[in-house]
Amino acid sequence: MPIDPAKIARALGYPYERPVGSYLFSGGVDEPLPPNIDFKDRIPVLASGSNGAPAQLKRKFGEGSETAIPVTAAKLHDICCSYSAHYAGYGAIAATLCHAPGAVSDVHITWLNEAELKRMHETEAIGVNYDYARLDNLRLLCERRGEIATAFAYISRRGCLLIDGKPVLLKALS
């Protein structure tokens, strides 16, 4: 069986390039987040790995003009983005969140409506590799929304990837 270079590049490129700040994922591309964006009826879901990257959102949601997902930059305290102790179906070592007192992680928050959340769930191997969890009492400072105490996330059922008892951090996000 021949090796597909595109598949290898996808696995090795994880967690993929993402804008430094907030953006709107719309029509398959990222664009500046409008100042008057309406977050009403949207669910804040932390993107601990590739879900904050426009390329991954494009794979999951396509290029349809009906999709317009606000994605905000944020600082997450006492939790870090680390590799999970499992491989994604496409060969990348997936990500998860890990309790880390004193850590400050640069993250993105995807603000999903109910239909978008349903689609995201379909892509996250819930019950196999991840649980969808509500996180309360967070120290999460959102670039656009200020302090947020509650958000949701996909938490690995396999735990954090550890080397010598310490989580392996996603350098691109921590």
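Trainee: Which element gives the most residues to the lining of the largest pocket?

Mentor: This is a predicted model: local features need pLDDT of at least 70, side-chain atom pairs count only at pLDDT 80 or more, and totals for chains, interfaces and linings use all residues. Residues are numbered from 1 along each chain as its sequence is written, and side-chain values use heavy atoms, without hydrogens and water. A pocket is an open set of points on a 1 Å grid over the protein atoms alone where a 1.4 Å probe fits, with protein on both sides within 12 Å along at least five of seven lines; lining residues have an atom within 4 Å of a point. Three lining residues come from the top contributor, helix 2.

Trainee: Which other element gives two or more residues to that lining?

Mentor: Helices (H or I, at least four residues) and strands (E, at least two) are DSSP runs, numbered from the N terminus. Helix 2 covers 54–61. Its partner on the list, at 93–112, is strand 5.

Trainee: Which residues does the cis peptide bond join?

Mentor: Look in the loop between helix 1 and strand 1 (23–26), where Pro15 is found. Omega is about 5°. The bond joins Tyr14 and Pro15.

Trainee: Is Asp164 buried or exposed?

Mentor: Asp164 sits in the loop between strand 10 (162–163) and strand 11 (166–167). Its phi is positive, about 55°, although it is not a glycine. Buried means under 20% relative accessible area, exposed over 50%, partly exposed in between (1.4 Å probe, protein chains only). Because its relative accessible area is 78%, Asp164 is exposed.

Trainee: What is the relative accessible area of Asp78?

Mentor: Asp78 lies in strand 4 (residues 68–87). Its phi is near 70°, also positive without being glycine. Asp78 counts as partly exposed because its value is 25%.
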